[in-house]
Amino acid sequence: MAEKLRIVPLGGLGEVGKNMLSIEYGRNILVVDAGIMFPESDMLGIDYIIPDWGYLRDKKDQLRAIIITHGHEDHIGGLSHFLEEFNAPVYATRLTRGLIEVKLKQRHLLDQVTLHTFAAGDVINIGPFTIEPYHVCHSIPDGVGLGITTPAGLIVHSGDFKFDHTPVDGWPTDYAKLAEFSGRGVLVLLSDSTNADRPGNTLSEAVLDDALHQVMRQAPGRVIVATFASLISRIQQVVDVAAQHRRKIAIAGRTMAENTKMARKLGYLDIPEDMLVTLGEINHLPARETVIMATGSQGEPTAVLGRLAVGQHRSLRIQEGDTVVLSSHTIPGNEELIHRVINRLFQKGADVFYDPLVPVHVSGHASQEEQKLLINMLRPRFFVPIHGELRHLKQHGKIARQLGIPAENIAVVENGYELTFGEQLEIGERVPGGYVFVDGTRVGEIGPTVMRERETLGQNGFVMAIVRYEPRTGRPVGRPHIVTRGFIFVPGAEDLLAHAERITLSAASAAPGTPPTEIKRRVQEALSEFLYQETRSYPVVIPQVMECEA
């Protein structure tokens, strides 16, 4: 009996970011992408989120390879974490491989990972899978979609794409390859849904040049352009426009600096030697002759722009006459952070340009008419919208139905659902999974309970009551010590704290031999009730009972 083809999305469906999916045939698994997602505003202290690949842990012997479509963080950011657990070869285009190497070096993994380089148009045989990468236009060079031939049929994975007829690198999407796939017959199309709620066609990257020229022509001083560290095409556009305005360029941000160095070495980024200067040198040049490329376009507090907004960058300061350009799309959930940074930059005297105020960013994702074109070109039997929040996936599913794909052949699902393809499309049970939080060096150690505790602490603060207790008499010794953080302003709350001490003393008085755990419980309950009655808030109450001799 023939094996069934199974596809399990592990990230990127129902959210923007951390794209990852598993393609399975028999005992062979091919993984596509392993990205990260930015934390939402209520995920306090979290650096980023990676996919939950627990589903694959007991299938390690079946994993044949991981193939990467392009070098953006939402497709490669989680790869180093994945490779710490899984020993699988990685396949990527030349630029994407370079960006991956930067990350593997940072985690001291480069010598432990097998990397293979391919180019659009190559044919790669991995187990039962024949993979044919084809070039797509996106907002980074060397992006590909994938034709994956399996014994069950042909899968086309769109990658992140748009149909840009005037791309800045002069390399349009490979329409001929898509037509060839169509001629063979496409079993399943997995298609990017990020802009499924945007009518029309996405603008070409080329339109940015006019906006950048206008900004640099009018800017009275320095121009600071914030974008993603992996947005190599955008960096090149800024360099080209800056050169025409006789401005030098400096790179701010470690990851952007490393990516820029690597892209120049590989020939994907052309910055003349006499044009590139250091951050130290830029302070000695006339302001009108400088451009700074910086990270932090999503309002991240620790990135360059976030530090500039609060005056905490070690070598740069916002000054009157600076012009700041946010040249990237706003990832859903980051609006509050971005607006806060913009407001602080204005407060410090900068002029700030951002989309839609000025067209300083163009999406790298297909809008509705391009999504329709891809479906009509390929005419797949089955259709699965990928890459987007549920609202995007739903809308993309509606587009497919409008184009004649039967509803029963369309799978609008979120992460974790097993999709099996045979004579019919079967949507199976959802495999366990969810967010895996990365907090500093800790990966997966921070769970929902800790996140709820952080939220409570952030909202109400905490109160610690330290009590010395003599078990033989069952009496507290001396006065308790009350410590608060994030709850009240202590110098103005002497009466409240004095009353809290009395409540603590009363609750800590018990029968001789009462165990400390019972004393803690009594203090916690009494103090929590008192503080709520007095303040109508719920600080975290932490009793500490220390046994001592009277």
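This is a predicted model: local features need pLDDT of at least 70, side-chain atom pairs count only at pLDDT 80 or more; totals for chains, interfaces and linings use all residues.
Figure 1. Residues are numbered from 1 along each chain as its sequence is written, and side-chain values use heavy atoms, with hydrogens and water left out. Thr 290 counts as buried because its relative accessibility is 0%, the classes being buried under 20% relative accessible area, exposed over 50% and partly exposed in between (1.4 Å probe, protein chains only).

**Figure 2. Leu 316 in the loop between helix H9 and strand E16**. The loop that holds Leu 316 runs between helix H9 (304–309) and strand E16 (323–326), and Leu 316 is buried because its relative accessible area is 2%. Leaving aside neighbours within four places in sequence, the contacts of Leu 316 are Arg 222, Ala 252, Leu 279, Ile 282, Asn 283, Ile 292 and Leu 308. Ala 350 is 34 residues from Leu 316 in sequence, and the two are 13 Å apart in space, C-alpha to C-alpha.

**Figure 3. Glu 258 of helix H7 and Gln 106 of helix H3**. Glu 258 is placed in helix H7 (residues 254–266), and Gln 106 in helix H3 (residues 94–106). Glu 258 counts as partly exposed because its relative accessibility is 30%, and Gln 106 falls in the partly exposed class because its value is 31%. Apart from residues up to four places away in sequence, Glu 258 touches Val 102 and Gln 106, whereas Gln 106, leaving aside its own neighbours within four places, is in contact with Arg 254, Thr 255 and Glu 258. Taken C-alpha to C-alpha, Glu 258 and Leu 345 are 26 Å apart in space and 87 residues apart in sequence; for Gln 106 and Ile 140 the separations are 22 Å and 34 residues.

**Figure 4. Positive phi at Asp 33 and Arg 536**. Most residues other than glycine have a negative phi. Asp 33, which is not a glycine, has a positive phi near 70° and sits in the loop between strand E3 (28–32) and strand E4 (48–50). Arg 536, likewise not a glycine, has a positive phi of about 60° and is found in the loop between helix H15 (516–535) and strand E26 (540–547). Asp 33 is buried because its relative accessible area is 1%, whereas Arg 536 is exposed because its relative accessible area is 53%.

**Figure 5. The second largest pocket and its lining**. The volume of the second largest pocket is about 640 Å³, and 29 residues line it, of which Arg 198, His 329, Thr 330, Asp 355 and His 361 lie nearest its centre. Helix H10 (335–347) and helix H12 (390–402) are the elements that give two or more residues to this lining, and H10 gives the most, with four residues. On a 1 Å grid over the protein atoms alone, a pocket is an open set of points with protein on both sides within 12 Å along at least five of seven lines, a cavity is a set of points where a 1.4 Å probe fits but cannot get out, and lining residues have an atom within 4 Å of a point. Grid points are joined across faces, edges and corners, and a volume is the space filled by probe spheres set on the points.

**Figure 6. The largest cavity and the residues nearest its centre**. By the rule given for cavities, the count comes to five of 30 Å³ or more. The largest cavity has a volume of about 80 Å³ and is lined by 14 residues, of which Cys 137, His 138, Pro 167, Asp 169 and Ser 233 lie nearest its centre.

Technical notes: Contact means heavy atoms within 4.5 Å.
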